[in-house]
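Biologist: Please take me through this model one feature at a time, with the general idea stated before the case.

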Amino acid sequence: MATAKKAAAAKKAAAAKDVSKKAARKTAASPTKRTAAKKSERVPRPRALSDSQPEPGTKRGRATRERLLNAALTVFETKGFLETNVSDICQEAGAAHGTFYIYFKSKEDVWYALVDRSAALRQLATTAPAEVGGTVYDRFAYTLTQYFQDILEHPQWTRTLEQAATIDDKTRIHRLDIRRAFRTRILHGIERLQDAGLADPGAHPEIVAEAIVSMLHNFAYMNVVLADKPTYETDEVVETLTMIWARSIGLDVEHLSARTTESAV
């Protein structure tokens with residue numbers, strides 16, 4: 001009898017220890033703990049790629065540099081990263097080689113300047129300004145609309161950029177930096193919504209953010225950049241992908257109206 005009681009007590013103690021271990025693991029991996037760890041992180045800023053001469057101080061110099069940049073953009077979009085050379089750019093711009101080298105050191109240098117400009121413009125376009133009202137759902141939809149509009153306006157540039165990322169290591173690393181920055185913006189938005197009790201606390205914010213970025217990029221690349229023409233209407237795409245994002249984090253859409261200041265990205 002005593003042996004049976006000891007065995008039962010040992011079994012109960014082991015079960016309690018197992019429950020305690022599970023609780024400890026759950027606490028360590030809880031969204032609250034992850035959120036606290038992430039609050040000190042800022043959205044990373046991709047460093048500039050171009051190390052060309054600083055922007056000219058004269059109006060004429062700035063106009064010449066801009067003309068060379070626009071000419072380079074046209075040639076890169078037409079011929080691709082590999083086939084473009086400085087002579088092509090000078091011919092397109094109607095400028096001498098000597099003029100080109102006043103502003104840029106090489107074909108790669110003017111390419112990096114274009115990549116920097118493109119990244120800055122897309123960052124600006126996809127950041128919802130303070131005057132854009134509505135709920136976090138609306139602001140996320142705004143960001144997606146701007147993102148897809150930018151790609152729709154520059155599909156050939158996006159295609160060339162992806163090509164260069166497979167060839168040029170600096171471009172590849174920069175593309176990863178841009179992706180990391182956008183993913184971090186979405187990650188922080190999910191964490192803020194979890195803190196506010198508006199999103200599922202059990203959703204893993206890092207994994208969800210990575211999945212959302214992958215979905216957006218690949219959808220745009222396959223259906224806009226590689227397609228002969230856009231496969232779907234932008235408003236339908238934005239509405240559907242925003243809904244997928246909301247459902248993936250268990251967003252409490254019904255209670256968003258009173259929390260218009262929360263940010264998704």
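Biologist: Is F81 buried or exposed?

Modeller: Buried means under 20% relative accessible area, exposed means over 50%, and partly exposed lies in between, with a 1.4 Å probe and protein chains only. F81 has a relative accessible area of 5%, so it counts as buried. This is a predicted model, in which local features need pLDDT of at least 70 and side-chain atom pairs count only at pLDDT 80 or more, while totals for chains, interfaces and linings use all residues. Residues are numbered from 1 along each chain as its sequence is written, and side-chain values use heavy atoms, leaving out hydrogens and water.

Biologist: Which residue forms an aromatic pair with F81?

Modeller: Rings of Phe, Tyr and Trp (its six-membered ring) pair if their centres lie within 6.5 Å; planes under 30 degrees apart are stacked, over 60 edge-to-face, and the rest tilted. The structure holds eleven aromatic pairs. In one of them, F76 and F81 are stacked, at 6.2 Å centre to centre with 15 degrees between the planes. F76 is also buried, at a relative accessible area of 0%. Elsewhere, Y147, F148, F182, F219 and Y232 make up one aromatic cluster.

Biologist: How many helices and strands are in the protein chain?

Modeller: Helices (H or I, at least four residues) and strands (E, at least two) are DSSP runs, numbered from the N terminus. The protein chain has eleven helices and zero strands. Of its 265 residues, 40% are buried.

Biologist: Which residues of α11 are buried?

Modeller: An α-helix has 3.6 residues a turn, so residues three or four places apart point the same way. In α11 the buried residues are T234, V237, V238, L241, T242, W245 and A246. Viewed down the axis of α11, they fall within an arc of 155 degrees (taken from the directions from the helix axis to the C-beta atoms), so they line one face. E239 and R247 are exposed on the other side of α11. Cover for the buried residues includes α7 (136-153), α9 (169-195) and α10 (205-225).

Biologist: What span should α11 have?

Modeller: The expected span is 1.5 Å times one less than the number of residues. For the 15 residues of α11 (residues 234-248) that gives 21 Å, and the end C-alpha atoms are 21 Å apart, which agrees. Just after α11, G250 takes a positive phi of about 60 degrees.

Biologist: Which residues have the most contacts inside the largest nonpolar core?

Modeller: In soluble globular proteins, nonpolar side chains tend to be buried together. A nonpolar core is a set of buried Ala, Val, Leu, Ile, Met, Phe, Trp, Tyr and Cys residues joined through side-chain atoms within 4.5 Å. The largest has 31 residues, and those with the most contacts inside it are I186, L193, I212, L216, W245, I249 and L251. Helices α7, α9, α10 and α11 each supply at least two residues of this core, and α10 gives the most, with eight. Apart from it lies another core, of 25 residues, among them A72, V75, V86 and L161.

Biologist: With which residues is T126 in contact, leaving aside neighbours within four places in sequence?

Modeller: Contact means heavy atoms within 4.5 Å. With those neighbours set aside, T126 touches T143, Q146, Y147 and R185. T126 sits in helix α6 (residues 107-126) and is buried at 3% relative accessibility. The C-alpha atoms of T126 and T143 are separated by 4.7 Å, although the two residues are 17 residues apart along the chain.
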